[in-house]
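Please look over the sequence and the model below before reading on.

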Amino acid sequence: MPEHDDEIIEQVADELRGPVPLSASFDARVMRAVRRFPRHSRHSRGAVWSRLTAPRAIVVRPLSAGLLAACVLALAGLGLVQAAKMVRAAAKPAVGGVFARTAKPAATQRVQFVLVAPDAKKVAVVGDFNGWDASHAAYQAKHRGGGVWSVTAPVPVGHHRYSFVVDDTVWMADPTAPRASDNDFGLPNSAIVVEADK
Amino acid sequence: MLALLVALALAPNDARAQDPRLAARLDKPTQFAVNAIVDSARAAALPTAPLVEKALEGAAAGSDGPRIVVAVRHLAARMGAAKHVLGPRASADEIKAAAGAMDFGVTVRDLARLHAAAGKRPLTMPLAVLTDLLGRDVPLVTATSLVVQLTRAGTKDAEFALFQRNVRLDIEHGADPAVAATTRGRGMMLKAAHTGGRPTE
Amino acid sequence: MTPSPNPRSTLSDAEIVARVLSGDVEAFAVLVARYRDRYARYAYHMLGNREDAEEALQDAFTRAYRSLARCEDPDRFAAWLFRILINRCRTTGARRGRRARTFVVDEGAVLAAAEEHPAERAAWREEIGRALAQLRPDQREAFLMKYVEEMGYDEMSRSTGVGVSALKMRVMRACERLRGMLTEVQNA
């Protein structure tokens with residue numbers, strides 16, 4: 001293999017090995033999600049089983065024998081049902097809540113919009129892909145720190161016009177994007193072309 | 001009187017075809033006027049979604065009704081002109097992209113040149129790149145000429161994307177837009193000549 | 001005043017797993033802190049953007065917590081977590097499509113804005129990101145494991161369930177494609 005070719009791969013790997021910072025709230029978000037599930041309780045499972053199986057002196061009176069047998073069977077059944085529930089819960093794929101996603105049609109791609117606006121309190125993306133609706137939930141940007149706002153949202157494949165709306169009042173074109181072609185309404189817009197995934 | 005009767009006869013169809021967002025965000029007269037333009041466009045087999053989106057944009061921008069109607073009408077006219085040049089088989093995306101390019105000043109004649117250069121290949125990507133270049137202030141004549149040449153040379157979509165990306169990066173690093181586009185375009189043409197027009201991927 | 005170290009942080013993975021399985025849910029935070037940075041890198045380069053990477057990683061940790069009783073070798077919790085993450089990235093990649101190749105925004109701009117990296121470095125990083133995004137997912141996965149996570153082929157095979165010779169082929173193809181795309185960029 002020519003040395004030059006190795007160099008490119010080494011350069012690429014070197015670049016990719018750099019750290020990728022996560023958002024400051026990542027750990028807290030994971031723990032919040034984890035706390036929603038039942039605690040693991042290895043000891044309590046063991047305690048139920050050991051109570052059922054531990055030898056004990058039983059004084060059986062003729063009248064209570066059947067009742068006692070029924071209770072033992074009921075307790076054993078409860079233990080088995082509980083164990084079965086725990087196994088099913090562990091095996092079930094996580095659905096709902098933060099994990100639920102609807103499948104996006106193939107003609108839509110997820111696009112990340114970024115705006116640096118240190119003084120903003122609220123940033124939304126409006127465009128011809130969301131009816132120019134500044135209150136559309138999927139297009140509300142989140143503040144990532146350092147005045148950087150971003151949102152990743154679905155945009156159909158094709159050519160679109162869009163803008164940022166800051167604090168519900170100010171329209172801002174995307175400074176990293178080409179300007180859109182028209183000035184029909186005197187407000188700045190940007191253009192985006194979204195390609196289909198190959 | 002006849003027009004009124006025709007309008008009334010069409011009313012139930014109009015009601016079915018109306019986008020509910022227009023009713024929610026436009027006043028009645030503007031809504032009526034926009035719907036009429038949309039219906040005409042539909043009858044002419046033009047895409048109507050861009051017209052609705054234009055009206056919604058105007059509403060979101062707080063523009064008055066007449067300004068919205070003018071904007072929608074102009075867009076319909078551009079799309080009609082684009083379809084006339086690109087032919088009946090032009091896709092909605094191509095018509096929309098062509099209308100966008102025309103709004104930057106690309107003439108019907110330039111559109112026809114581009115259409116001839118592409119032959120049977122779709123024009124969506126060349127038009128998108130052209131509009132992108134114009135949006136980055138590459139002069140109209142330079143941008144149009146480059147895109148026509150690249151299209152005539154058989155440049156594939158991925159190669160157009162690479163060209164656009166390189167031009168964008170050059171401009172972001174301070175290059176003059178015309179120089180960036182011309183230099184990168186020349187590079188693409190040389191590569192196409194060298195590889196005999198074969199795809200580079 | 002420096003914060004006092006987490007008294008659990010000197011514990012081994014197996015010890016922490018045992019605590020979590022005994023009901024100490026907060027102990028799981030040690031495992032999160034221990035491995036999130038290492039696997040954030042893989043998720044980010046597989047999926048192409050920070051938001052998807054964080055969601056896949058969060059998903060992986062949460063699944064790991066729920067299935068912790070099924071971790072057969074708690075001493076190798078990291079490798080087990082990584083296998084879960086590989087699958088989450090595959091599912092996320094298949095379900096959402098890769099990050100769109102757009103003409104607008106790039107991670108380099110975000111990093112430049114927030115972390116003041118040089119523009120040239122950000123541009124080169126962006127080119128690498130775009131080239132990586134153009135690889136087939138299985139080739140990208142194999143390339144990242146081999147060259148970025150520096151795993152051996154046997155370990156890669158255990159993590160992915162794919163045979164060693166198939167993995168070698170994927171890495172080779174990935175390298176060929178990356179060389180092709182990035183040499184073109186460098187010479188342009």
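## Helices of chains A and C

In this predicted model, the crossing formed by H2(A) and H2(C) is right-handed. The contact draws on Phe26(A), Asp27(A), Val30(A), Met31(A) and Val34(A) from H2(A), and on Phe28(C), Ala29(C), Val32(C), Ala33(C) and Arg36(C) from H2(C). Sorted by kind, the residues of this contact between H2(A) and H2(C) comprise 8 nonpolar and 2 charged, with no polar ones.

## The interface of chains A and B

Chain A contributes 23 residues to its contact with chain B, and chain B contributes 27 residues. The size of an interface is often expressed as the accessible area that is lost when the parts come together. Between chain A and chain B the buried area is about 2200 Å², and carbon and sulfur atoms give 53% of that area.

How many salt bridges does the rule find across the interface of chain A and chain B? There are 4 salt bridges across this interface of chain A and chain B.

## Salt bridges over the structure

Over all chains, the structure holds 31 salt bridges. One of the salt bridges joins Glu150(C) to Arg17(A), where the closest N and O atoms are 3.9 Å apart. This pair crosses between chains: Glu150(C) lies in the loop between helix H7 (137-148) and helix H8 (153-160) of chain C, while Arg17(A) lies in the loop between helix H1 (3-16) and H2 of chain A.

## Two helices within chain B

Within chain B, helix H8 (residues 124-135) and helix H10 (residues 157-172) pack at an angle of about 5°, and their axes are 10 Å apart. H8(B) and H10(B) are therefore roughly parallel to each other.

On the side of H8(B), the contact is made by Met125(B), Pro126(B), Val129(B), Asp132(B) and Leu133(B), and on the side of H10(B) by Asp157(B), Phe160(B), Ala161(B), Phe163(B), Gln164(B) and Val167(B). The residues of this contact of H8(B) with H10(B) divide into 8 nonpolar, 1 polar and 2 charged.

Methods: Residues are numbered from 1 along each chain as its sequence is written. Chains are lettered from A and ligands numbered from 1 in the order in which they are written. This is a predicted model: local features need pLDDT of at least 70, side-chain atom pairs count only at pLDDT 80 or more; totals for chains, interfaces and linings use all residues. Side-chain values use heavy atoms; hydrogens and water are left out. A crossing is left-handed if the near helix is turned anticlockwise from the far one by less than a right angle, and right-handed if clockwise. Helices (H or I, at least four residues) and strands (E, at least two) are DSSP runs, numbered from the N terminus. Contact means heavy atoms within 4.5 Å. Ala, Val, Leu, Ile, Met, Phe, Trp, Tyr, Cys and Pro count as nonpolar, Asp, Glu, Lys and Arg as charged, and the others, Gly among them, as polar. Buried area is the accessible area (1.4 Å probe) that two parts lose on being put together, summed over both. A salt bridge is a side-chain nitrogen of Lys or Arg within 4 Å of a carboxyl oxygen of Asp or Glu. Axes are lines fitted to C-alpha atoms, for helices over the stretch in contact, and angles run from 0 to 180 degrees between N-to-C directions. Angles under 35 degrees count as roughly parallel, over 145 as roughly antiparallel, 65 to 115 as roughly perpendicular and the rest as oblique.
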